[in-house]
Amino acid sequence: MSFPAGTALPERFSFHHPELRRPGAAFLRDAGRNVMLKMDFGEMKGSLPIDRLAGSLQLPPDAADRELLALVPQALRYVRQVQADDPLPSELIEGRPSWMPRPHVLQRAIAAVWQAVQGPIAVLESNTLPPRPDPSDTDVRSVARSLLGLFPDVTIAQVEERLDAVIVDVARVDWLRRATATLQRTVGELAQFSARHGSDAMGDLARRSALQLREVTIWGTEKAIVADTAVGDINRLLAEPELLRHKAWPAICALRALVLDVEPVLLHWQQARQRSDGPRLRDLEDILRLTLQRYAGFDPAMFMPTASRLATGGLDG
């Protein structure tokens with residue numbers, strides 16, 4: 001079941017069936033990308049594929065829960081799990097990133113934005129601003145007040161809003177750029193591993209996995225460059241905030257979906273390499289087969305929002 005064009009999407013996963021609202025129940029993707037409902041019964045845990053839920057729960061054909069279940073797989077492109085009453089990711093509603101970077105990443109972004117706006121502020125004030133080595137000392141409101149002269153037709157509250165939006169998106173791109181770099185290193189490590197094993201079965205498996213993951217990495221790197229370019233001109237973004245929607249958000253959303261999708265492979269690989277007694281061949285083989293399973297026939301379209309197109313007729317950009 002899907003939402004017809006022009007239909008507003010729900011704001012939350014407000015499931016009605018008691019099993020979908022059971023404490024601890026959550027939708028997640030397994031290693032094969034299958035969406036499962038995980039349930040905790042105390043000492044026992046269970047799971048059920050989402051495509052069997054409607055029948056198992058005997059949901060009527062017109063049940064609202066069916067419509068919500070249809071949105072869960074798309075939501076899991078941008079969040080790690082979905083539980084009852086969680087908000088629908090804004091990626092699906094308006095193409096806007098919904099996730100917030102961690103505080104230390106935001107601090108790096110504040111420093112970058114502060115550095116970028118010092119020049120325009122200095123021109124306005126006809127002096128040189130003192131450097132602020134500690135980004136946490138930077139007060140957004142004071143910076144907004146200093147920038148107000150650049151935007152005579154807007155209020156200080158609007159300038160603050162623009163600053164906040166730019167800082168968050170700069171932080172998002174920073175995190176995604178670093179995640180992409182981790183993916184690039186992993187491809188290199190897989191290639192080295194395959195070279196050490198030569199032409200034996202493990203070496204062949206590692207070589208094919210590295211080549212498959214390399215294709216994913218190339219696409220991710222291209223998106224990272226697009227996102228980085230989109231937030232590169234901070235002063236222009238402050239003057240034209242709609243550029244975030246048209247230029248930055250599509251790349252951020254697509255790259256976020258890719259990073260979350262490849263995360264299990266990266267985590268398993270890092271854990272195997274960091275074992276005190278060295279990686280076990282069985283663990284490595286599982287990781288390599290997981291890579292091939294997930295990225296054979298790689299299609300970038302899987303990382304693009306779809307529900308928002310059904311609801312609004314398409315995403316900008």
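Me: At what angle do helix H7 and H9 pack, and how far apart are their axes?

Reply: Two packed helices are described by the angle between their axes and by the distance between those axes. In this predicted model, helix H7 (residues 201–230) packs with H9 at an angle of about 150°, and the axes are 9 Å apart. Angles over 145 degrees count as roughly antiparallel, so H7 is roughly antiparallel to H9. The crossing of H7 and H9 is left-handed.

Me: How many helices and strands does the chain have, and in what order do the elements run?

Reply: The chain has eleven helices and three strands. From the N terminus on, the order is β-β-β-α-α-α-α-α-α-α-α-α-α-α.

Me: What share of the chain is buried, and which residues have the most contacts inside the largest nonpolar core?

Reply: Of the 317 residues in the chain, 44% are buried. The largest nonpolar core has 93 residues, and those with the most contacts inside it are Phe-13, Phe-27, Leu-53 and Val-72. Helix H9 (residues 242–273) supplies the largest share of this core, 17 residues.

Me: How many aromatic pairs are there, and which residues form a cluster?

Reply: A pair of aromatic rings is described by the distance of the centres and the angle of the planes. Searching the whole structure gives seven aromatic pairs. One aromatic cluster is formed by Phe-13, Phe-15 and Phe-27. Phe-13 and Phe-27 are also among the residues with the most contacts inside the largest nonpolar core.

Me: Which ring does the charged end of Arg-33 sit over, and where does Arg-256 lie?

Reply: The charged end of Arg-33 is placed over the ring of Tyr-295, 5.2 Å from its centre. Arg-256 lies over the face of Trp-99, at 4.3 Å from the ring centre.

Me: What is the phi of Gln-58, and where is Gln-58 found?

Reply: Most residues other than glycine have a negative phi. Gln-58 is not a glycine, yet its phi is positive, at about 55°. Gln-58 is found in the loop between helix H1 (53–56) and helix H2 (64–75).

Me: Is Gln-58 buried or exposed?

Reply: The relative accessibility of Gln-58 is 69%, so Gln-58 counts as exposed; the cut-off for exposed is over 50%.

Me: What is the phi of Asp-85, and in which loop does Asp-85 lie?

Reply: Asp-85, also not a glycine, has a positive phi of about 75°. Asp-85 lies in the loop between H2 and helix H3 (90–93). With a relative accessibility of 32%, Asp-85 counts as partly exposed.

Methods
Residues numbered from 1 in each chain as written. Predicted model: local features only at pLDDT ≥ 70, side-chain atom pairs only at ≥ 80, totals over all residues. Heavy atoms only, no water. Core = buried A, V, L, I, M, F, W, Y, C linked by side-chain atoms within 4.5 Å. Buried < 20%, exposed > 50% of the residue type's maximum accessible area, 1.4 Å probe, protein only. Helix = DSSP H or I, 4+ residues; strand = E, 2+ residues; numbered from the N terminus. Phe/Tyr/Trp six-rings, centres within 6.5 Å; stacked < 30°, edge-to-face > 60°. Lys NZ or Arg CZ within 6 Å of the ring centre and 35° of its normal. Axes fitted to C-alpha atoms, helices over the stretch in contact; angles between N-to-C directions. Parallel < 35°, antiparallel > 145°, perpendicular 65-115°, else oblique. Left-handed = near helix turned anticlockwise from the far one by under 90°.
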